[in-house]
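Okay, thanks for coming, everyone. Let me put the model up on the screen, and then I'll walk you through it.

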Amino acid sequence: MIKNQIERMLCHLCIGLLTSLLKKEISLREAEQLLFSPFTNEYLKENKISEDVTDIIHRGCELEDIESLIPEKFDIKVKKLIERASEVLKKLPEIDFQEPTWFSLLILEKMKPDRVPE
């Protein structure tokens, strides 16, 4: 099921972005632009992404407040979010590669004759 693939991908993305934040490889602003924004979270909720996943993203949206108000707790909160995303990922069923993946469906959509660039 595509929803399961998307939820797994979002968990992987959360773990990667949060790990990159801890290592100072990306800024919090970049992580917000890529995933941790209220707009993104609302969009995912509207599209029936699980509450477990949207809660992680919601908490990621709060990191800016933590960074500015209690910076000494920032790394601890980020590590807890990584742990939570890992827990959620472990609960999700593995991807059945007999089904089309979300990415292959995206590519097929872009390859439709009416979508071919001139």
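Some housekeeping. This is a predicted model, so keep in mind that local features need pLDDT of at least 70 and side-chain atom pairs count only at pLDDT 80 or more, while totals for chains, interfaces and linings use all residues. Residues are numbered from 1 along each chain as its sequence is written, and side-chain values use heavy atoms, with hydrogens and water left out.

So, the fold. We've got 7 helices and 0 strands, where helices are DSSP runs of H or I with at least four residues, strands are E runs of at least two, and the numbering starts from the N terminus. Of the 118 residues in the chain, 33% are buried. Buried here is under 20% relative accessible area, exposed is over 50%, and partly exposed is in between, with a 1.4 Å probe and protein chains only. Among contacts with a separation of 6 or more, 68% join residues 24 or more positions apart; a contact is heavy atoms within 4.5 Å.

Now, the core. The largest nonpolar core has 27 residues. By that I mean buried Ala, Val, Leu, Ile, Met, Phe, Trp, Tyr and Cys residues joined through side-chain atoms within 4.5 Å. Which residues have the most contacts inside it? Those are Cys14, Leu18, Leu21, Phe36 and Leu63. At least two core residues come from each of H1 (2-22), H2 (28-34), H4 (51-61), H5 (63-69) and H6 (74-91). Take a look at Phe36: leaving out residues up to four places away in sequence, Phe36 touches Cys14, Leu17, Leu18, Ala31, Ile56, Ile57, Gly60 and Cys61.

On to packing, and H6 has two contacts to show you. H1 and H6 have axes 9 Å apart, at an angle of about 160°. Axes are lines fitted to C-alpha atoms, for helices over the stretch in contact, and angles run from 0 to 180 degrees between N-to-C directions. That makes H1 roughly antiparallel to H6, the cut-off for that word being over 145 degrees. The residues of this contact divide into 13 nonpolar, 3 polar and 3 charged. For those classes, Ala, Val, Leu, Ile, Met, Phe, Trp, Tyr, Cys and Pro are nonpolar, Asp, Glu, Lys and Arg are charged, and the others, Gly among them, are polar.

H4 and H6 have axes that come within 10 Å and cross at roughly 165°, so H4 and H6 are roughly antiparallel to each other as well. From H4, Asp52, Val53, Ile56, Arg59 and Gly60 meet Leu81, Arg84, Ala85, Val88 and Lys91 of H6.

Staying on H6, find Ile76. Ile76 is partly exposed, at 47% relative accessible area. Leu22 is 54 residues from Ile76 in sequence, yet their C-alphas are 9.5 Å apart.

Most residues other than glycine have a negative phi. Where do we find Lys24, with its positive phi of about 60°? Lys24 sits in the loop between H1 and H2, and is exposed at 61%. Lys48 also has a positive phi, about 65°. Lys48 is in the loop between H3 (38-46) and H4, and is exposed at 62%.

Terms used:
Angles under 35 degrees count as roughly parallel, over 145 as roughly antiparallel, 65 to 115 as roughly perpendicular and the rest as oblique.
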